[in-house]
Amino acid sequence: MLLATGCKKTNSRNTNAQDQFPNTIGDKWDYLVKDTTFHQGLPADTSSVQYNVDVLIVNTVKLANGITATIWQFKYPDHVDSNYIYQSEDTIKIMDHTSLYLLGQYIFPFTSGSSWQYLPTITPFPESVTVTGPSVITVGNNEYSGAWRIYGFTGPPDGMFTIDDWFVDHVGFVKKYLNTGGEYTLATRHNLDWYLESYELK
């Protein structure tokens, strides 16, 4: 096991990837997800549940532009979802399972102070994410050194969506925050906090 940029106290299953950004068939991550529901957007009126999500890279697919992407499968307790991921030069691109929509992008490798548009936009008010670190982060029973924080917002028209990811080279995303309805919606929304519990990488 590689300890320099990985886990210091960890599950014995954990094996780091050879690649700095793990993206190989057979890679697997197990996450604990805390799903908090905000009813009508009121922080005082909330409820939460916890469940596990297994993320596996199961295959590759040829996209319409001729690029080969890996298929990332997300196994929730009640359904299975998937994304397509590929790297174009220094950019990691995440597509939805129809390969029609870009869900987000990361400029890689991460360096402190680097910044980019999470979603490209033609509006004159682009939002961006910025990298800080490396630093040490504890997630559950695991302590990771060399962790990068990617924080900011998606671009218009979705500028109210917060991006808050923690990534460790050769391990992947160890902590993520997602809000499915936006930060300021008055409708019922879900905030999802993802915590990496274990991983097996190639």
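**View 1. Trp 29 and its contacts in the predicted model.** Trp 29 touches Pro 22, Val 53, Asp 54, Val 55, Ile 57, Trp 72, Val 171, Gly 172, Leu 196, Ser 198, Tyr 199 and Leu 201, leaving aside residues up to four places away in sequence. Contact here means heavy atoms within 4.5 Å. This is a predicted model, where local features need pLDDT of at least 70, side-chain atom pairs count only at pLDDT 80 or more, and totals for chains, interfaces and linings use all residues. Residues are numbered from 1 along each chain as its sequence is written, and side-chain values use heavy atoms, without hydrogens or water.

**View 2. The nonpolar cores.** The largest nonpolar core has 40 residues. Trp 29, Tyr 106, Phe 110, Tyr 144 and Val 174 touch the most other members. A second, separate core has 6 residues, including Ala 69, Ile 71, Tyr 84 and Tyr 86. A nonpolar core is a set of buried Ala, Val, Leu, Ile, Met, Phe, Trp, Tyr and Cys residues joined through side-chain atoms within 4.5 Å. Buried means under 20% relative accessible area, exposed over 50%, and partly exposed in between (1.4 Å probe, protein chains only).

**View 3. Strand β5, covered on both faces.** In β5 (residues 91-96), 6 of 6 residues are buried. Thr 91, Lys 93 and Met 95 lie on one side. Ile 92, Ile 94 and Asp 96 lie on the other. Strands (E, at least two residues) are DSSP runs, numbered from the N terminus.

**View 4. The neighbours of β5.** Strand β4 (residues 80-88) runs antiparallel to β5, joined by 6 bridges. Strands pair if DSSP finds at least two bridges between them. Gln 87 has Ile 92 as its bridge partner in β5. The β4-β5 hairpin has 2 residues between its strands, and Glu 89 in the turn has a positive phi of about 55°. Strand β6 (residues 102-107) also pairs with β5 in the antiparallel sense, over 5 bridges. Here the partner of Ile 92 is Tyr 106. The β5-β6 hairpin has 5 residues between the strands, and Ser 99 takes a positive phi near 65°.

**View 5. Tyr 101 in the loop between β5 and β6****.** Why does Tyr 101 count as exposed? Its relative accessible area is 53%.

**View 6. Thr 36 in strand β1 (residues 28-38)****.** Thr 36 counts as buried because its relative accessibility is 12%. Thr 36 touches Thr 46, Ser 47, Ser 48, Arg 189, His 190 and Asn 191, again not counting residues up to four places away in sequence.

Methods: Helices (H or I, at least four residues) and strands (E, at least two) are DSSP runs, numbered from the N terminus.
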